[in-house]
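Subject: Handing over a structure, with notes

Dear colleague,

Please find below the structure that I am passing on to you, together with its sequence.

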Amino acid sequence: MNKVANSERKHIVFVGKRNSGKSSLVNRFVGQDLVIVSDTPGTTTDPVKKAMELLPFGPVVLVDTAGVDDVGELGQKRISKTLKAVSEADFAIVVLGCQNTLTDEEQNLFNHLEKLEVPFIIALNKIELGVNPDLTKELNSLKLRFAEISCIEDKGIYELKEKVVKLIPAEEEQPLIGDLVKQHDIVVLVVPIDLGAPKGRLIMPQVQTIREALDEDTIVVVAKDKELRAALSKLNEKPKLVVTDSQAIMKVAADVPDDIPLTTFSILMARYKGELPEFVKGIKRVNDLLNGDKVLIAESCTHHSQEDDIGRVKIPRWLRNHTQRDLQIDHRSGADYPDNLADYKLIIHCGACMATRRGMHTRIKQARFMEVPIVNYGVLISYIHGAIPRAIEPFDEAIAVWEDI
Ligand code: SF4
């Protein structure tokens with residue numbers, strides 16, 4: 001189980017006010033004194049993570065956080081780290097002391113979790129001191145799930161774990177291409193070999209698509225963009241689907257007859273890794289950009305940028321040409337968005353080939369929470385080059401968003 005990367009594990013965040021018993025509960029979950037526990041409020045400062053196997057669910061990461069009622073300048077920084085951990089969570093356990101009724105911070109926390117679409121359960125801790133019936137009445141009236149526990153007396157922890165196991169959302173299986181094709185279909189993949197292509201190999205989305213198409217027992221034809229016309233003319237049956245690199249979309253769209261479905265590797269990846277409809281919503285906001293608007297180009301990994309780099313050079317140029325606006329375009333590489341995310345009018349995200357599906361979902365969720373539209377490179381490139389809606393036609397959920405203008 002130690003071989004499962006943290007990014008692939010479901011993240012369970014323990015959140016609540018200072019001194020509610022979050023760290024004690026984490027220790028009870030893990031079965032060891034992982035986190036320092038003290039009666040002094042605010043003992044936990046930065047989020048503390050621990051990977052474990054939560055049976056029978058599987059590998060998870062437990063995240064202990066600082067209190068949401070922390071005070072002072074440092075306290076505010078800790079709160080924002082806690083809220084960031086919450087925004088990256090798959091599930092939250094809100095730990096409450098059970099002697100009082102709900103405070104504003106706790107109510108705000110519930111709203112925050114609901115807005116971020118993070119499912120949660122409330123752990124009513126310290127039942128050894130007695131449970132306030134007004135609190136349970138309040139939780140019942142808000143239709144909030146809760147479990148009564150005592151970390152000190154080790155009561156209710158097993159039952160809480162059982163509830164958590166049932167409530168953690170299961171991973172949805174999203175095929176890359178498998179649901180679009182069937183046995184003996186012909187699939188044509190267009191792979192330009194230009195200066196931007198890595199030497200001696202194909203890039204991951206291309207390899208993954210080939211593999212999944214082969215797994216579906218389809219007949220896979222791979223050609224460069226220059227050979228596409230020749231390849232199509234030699235087939236005695238229409239392909240079921242043509243998939244191209246985004247940057248060749250205009251040439252390929254011109255070469256592929258309108259009655260053959262066409263999409264791009266980036267759009268396949270956007271659906272596989274992210275939420276294609278969210279990106280389609282995002283492109284509908286591109287034309288709303290105004291002079292001086294801030295646009296964030298976010299890349300999941302740092303890499304050596306090339307002379308005509310897609311994120312640094314081409315996309316900014318295409319976007320400014322397309323919108324005819326004087327935009328302020330910033331770049332960010334790595335796992336985090338900048339703290340001033342709300343200042344941006346659009347996020348343009350890379351294809352996230354190095355990021356997990358979970359990681360990409362988190363980034364989309366964070367953008368949605370800050371109400372900043374998000375697109376990815378591939379969807380934007382197809383849009384700017386006039387290939388939308390054609391390149392999203394194979395996907396009903398994306399077309400539905402596009403047509404709902
Ligand atoms: S698509 Fe994103 S994650 Fe993949 S190499 Fe480019 S910058 Fe890195």
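The notes below go from the whole chain to its domains, and then to single residues.

Please keep in mind that this is a predicted model, in which local features need pLDDT of at least 70 and side-chain atom pairs count only at pLDDT 80 or more, whereas totals for chains, interfaces and linings use all residues. Residues are numbered from 1 along each chain as its sequence is written.

The C-alpha trace of the chain spans about 80 × 50 × 40 Å along its principal axes, and the secondary structure comes to 14 helices and 14 strands. Helices (H or I, at least four residues) and strands (E, at least two) are DSSP runs, numbered from the N terminus. Of the 405 residues in the chain, 38% are buried; here a residue is buried if 20 or more other C-beta atoms lie within 10 Å of its own, exposed if 12 or fewer, and partly exposed in between, with C-beta atoms placed from the backbone. Among the contacts in the chain with a separation of 6 or more, 75% are between residues 24 or more positions apart, two residues being in contact if their C-beta atoms, placed from the backbone, lie within 7 Å.

The chain is divided into domain 1 (6-167), domain 2 (186-267) and domain 3 (275-403), with bounds that come from an automatic or database domain assignment. The centres of domain 2 and domain 3, taken over C-alpha atoms, are separated by 23 Å, and 15 residues of domain 2 are in contact with 17 residues of domain 3. On the side of domain 2 that touches domain 3, at least two residues each are supplied by helix 6 (204-215), helix 8 (249-255), strand 10 (262-264) and helix 9 (265-273). By class, that side of domain 2 has 9 nonpolar, 6 polar and no charged residues, where Ala, Val, Leu, Ile, Met, Phe, Trp, Tyr, Cys and Pro count as nonpolar, Asp, Glu, Lys and Arg as charged, and the others, Gly among them, as polar.

An open sheet is formed by 4 strands in the order 8-7-9-10, and the pairing is parallel; two strands pair if DSSP finds at least two bridges between them. Strand 8 (219-223) and strand 10 stand at the edges with a single partner strand each, so one side of each is left without a neighbour in the sheet. From one strand to the next the twist averages 20 degrees. Strand 7 (residues 186-190) is joined to strand 8 by 5 bridges, the two running parallel, and V187 stands opposite V220 in strand 8.

Helix 9 lies across strand 9 (241-244) and strand 10, and runs at about 70 degrees to strand 10; axes are lines fitted to C-alpha atoms, for helices over the stretch in contact, and angles run from 0 to 180 degrees between N-to-C directions. Because 8 of the 9 residues of helix 9 are buried, this helix is largely enclosed by the rest of the structure. The buried residues of helix 9 are F265, S266, I267, L268, M269, A270, R271 and K273.

Around the ligand are E299, S300, C301, H303, C350, G351, A352, C353, M354 and A355, a residue being near a molecule if its C-beta atom, placed from the backbone, lies within 6 Å of it. This shell has 6 nonpolar, 3 polar and 1 charged residues.

Some backbone details may also deserve a look. Most residues other than glycine have a negative phi, and most peptide bonds are trans. The peptide bond from L55 to P56 is cis, with omega near 0 degrees, and P56 is in the loop between strand 2 (48-54) and strand 3 (58-64). The peptide bond from I388 to P389 is also cis, with omega near 20 degrees, and P389 is found in the loop between helix 13 (377-384) and helix 14 (396-403). Q324, in the loop between helix 11 (310-323) and strand 12 (328-333), has a positive phi near 60 degrees, and this residue is exposed, with 8 other C-beta atoms within 10 Å. E371, in the loop between helix 12 (357-369) and strand 14 (374-376), has a positive phi near 60 degrees and counts as exposed, with 8 C-beta neighbours inside 10 Å.

With best regards
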